[in-house]
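Let's walk through this one as a set of quick questions and answers. Have the model open while you read.

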Amino acid sequence: MLVALVAYILLVFFVAWLTTRSAKSGAFFTGDHSSPWSVVAFGMIGASISGVTFVSVPGEVATNSWHYLQFVLGNLVGYQVIAFVLIPLYYRLKLVSIYSYLGERFGDTSHTTGAVFFLCSQLLGAGLRFYLALSVLQVVIFNEMGVPLWAEAIVAIFIVWLYIRKVGIKAVVWTDTLQTLCLLLAVVATIWSISEAINVNALSLPTFIAEHHTFNLFDTDWRSASFLPKHFLSGVAIVIVMNGLDQNIMQKSLTCRNRRDAQKNLVVFSIAFVLCTMLFLALGTLLVAYSEQLGLPIPAMTDTLYPILAQHHLPPFIGICFVLGVVAAALSSTDSSLTALTTVWCVDILRHNVEQNTTHTERLKRITTIVFAIALVAVVLIADAINDRSIVSAIFTLAGYTYGPLLGLFTFGMTMKHRVHERLVPYICIAGPLLSYGANCLSPILLGGYTMGFELIILNAAIVFAGLLLIKR
């Protein structure tokens with residue numbers, strides 16, 4: 001297994017070298033605006049599927065059926081909004097970082113506020129996703145070898161830093177295609193292996209899944225966190241915020257040759273993403289069916305269902321595929337996060353013109369990338385020291401709260417003509433998450449047991465939007 005892991009990492013380096021050896025220094029931030037849209041679209045699938053998603057979505061089927069698909073169908077609509085509303089805006093303004101829009105629309109304080117909220121959210125979110133993926137690899141491989149998590153984290157982030165350090169997003173675009181391919185092959189191989197084990201052929205597989213007790217698409221309980229209308233609308237809002245207003249994802253689309261290519265990339269990607277999610281959910285149904293056939297209980301932590309079966313009950317080849325899938329998901333999400341963090345710091349915080357290929361730009365880029373790589377490792381080590389899933393989950397939730405102000409700022413900027421009293425913008429953006437958190441705590445008490453879910457981000461943005469109305473000039 002270790003040999004397969006090393007071979008895969010060497011293959012990632014080869015792809016990075018082959019596709020970026022003639023790239024200019026400015027390609028770190030813009031990819032030379034030369035990425036083929038089809039390559040970007042395929043690679044974005046892997047970037048959107050973190051190591052957490054890779055193991056948790058199939059496991060979630062055991063408790064929540066196929067309800068996650070409601071959310072993803074909302075994502076499909078959200079991506080169309082990004083493609084036909086946000087992408088034209090970003091290309092018209094010729095943005096390197098999307099938060100520069102806030103500076104042009106409101107001023108320097110709003111620009112910095114948006115960038116800081118992104119940096120906090122991305123650093124926490126990316127660091128925790130990285131930690132959870134490394135934790136899986138720790139259990140599967142490195143504990144037996146006596147390798148501690150801190151050493152694994154340092155080596156992993158060093159690998160990511162090595163292949164993005166010179167050309168950043170250009171390397172990410174191309175290596176993500178390899179990592180997406182590896183992810184999908186791992187899922188398909190597992191589906192094929194389980195189908196063989198439970199004697200279901202390829203032609204009858206869709207019927208088997210549709211008739212299984214886990215195949216339930218829609219949640220009609222209005223008190224549930226996955227109630228159909230709010231799950232769908234939350235899917236629309238969250239993809240607009242966590243993709244359309246997220247430098248991590250948008251930086252890839254902005255490397256396309258022109259606006260039309262970027263729009264084609266997002267439309268095709270959104271459809272492919274729905275199909276890939278259905279593949280993960282189908283895998284979840286098969287994992288449950290296989291567990292039932294073996295007489296194994298579904299673990300209380302359903303995230304562990306896929307790892308347990310892959311490592312102990314399926315052929316060794318599937319165990320290798322699973323490990324490579326986790327590695328692919330971890331690298332694919334971490335490399336783009338590190339690039340985005342570096343871009344936002346240089347462009348939005350320091351206001352450096354990164355398109356000037358100077359020695360100063362090179363030094364700034366190198367130092368910033370190293371600092372954020374160390375910061376990601378620090379988040380991993382802190383999460384490992386806490387070693388409490390409820391606290392880690394709370395930090396994840398905190399990272400999600402920081403996207404609400406971005407949605408409020410961009411929505412106000414694009415729908416209203418007013419200027420605002422800029423000195424008050426940071427306070428409004430802090431008030432949004434705090435009031436949303438309070439509403440989340442009180443909703444079961446005040447609303448007859450109603451549990452808020454992903455729609456919290458809409459409430460968060462609405463509070464910020466209302467606050468901006470109050471301070472308009």
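**Loops, helices and cores**

Asparagine 199 counts as exposed, because its relative accessibility is 71% (buried means under 20% relative accessible area, exposed over 50%, partly exposed in between, with a 1.4 Å probe and protein chains only). This is a predicted model, where local features need pLDDT of at least 70 and side-chain atom pairs count only at pLDDT 80 or more, while totals for chains, interfaces and linings use all residues. Residues are numbered from 1 along each chain as its sequence is written, and side-chain values use heavy atoms, with hydrogens and water left out.

Q: Is arginine 351 buried, partly exposed or exposed?
A: Arginine 351 also has a positive phi, about 60°, without being a glycine. Its loop lies between helix H15 (316-349) and helix H16 (359-386). With a relative accessible area of 34%, arginine 351 is partly exposed.

Q: How many helices and strands are in the protein chain, and what is its radius of gyration?
A: The protein chain has 20 helices and 0 strands. For 473 residues the globule rule gives 23 Å, and the chain's value is close to that, so it is as compact as a globular protein of that length. The radius is taken over C-alpha atoms, and the rule is 2.2 Å times the number of residues to the power 0.38. The radius of gyration comes out at 22 Å.

Q: What share of the contacts with a separation of 6 or more joins residues 24 or more positions apart?
A: Contact means heavy atoms within 4.5 Å. Buried residues make up 56% of the 473 in the chain. As for the contacts with a separation of 6 or more, the share from residues 24 or more positions apart is 84%.

Q: Which residues does leucine 468 contact, leaving aside neighbours within four places in sequence?
A: Leucine 468 is among the residues with the most contacts inside the largest nonpolar core, which has 142 residues. Such a core is a set of buried Ala, Val, Leu, Ile, Met, Phe, Trp, Tyr and Cys residues joined through side-chain atoms within 4.5 Å. Beyond those neighbours, leucine 468 contacts Gly408, Leu409, Phe412, Val420, Val425 and Ile428.

Q: How far apart are the C-alpha atoms of phenylalanine 412 and alanine 466?
A: Phenylalanine 412 sits in helix H18 (residues 403-415) and is buried, at 0% relative accessibility. Not counting residues up to four places away, it touches Arg105, Phe106, His418, Val420, Phe465, Leu468 and Leu469. Phenylalanine 412 and alanine 466 are 54 residues apart in sequence, and their C-alpha separation is 9.0 Å.

Technical notes. Helix = DSSP H or I, 4+ residues; strand = E, 2+ residues; numbered from the N terminus.
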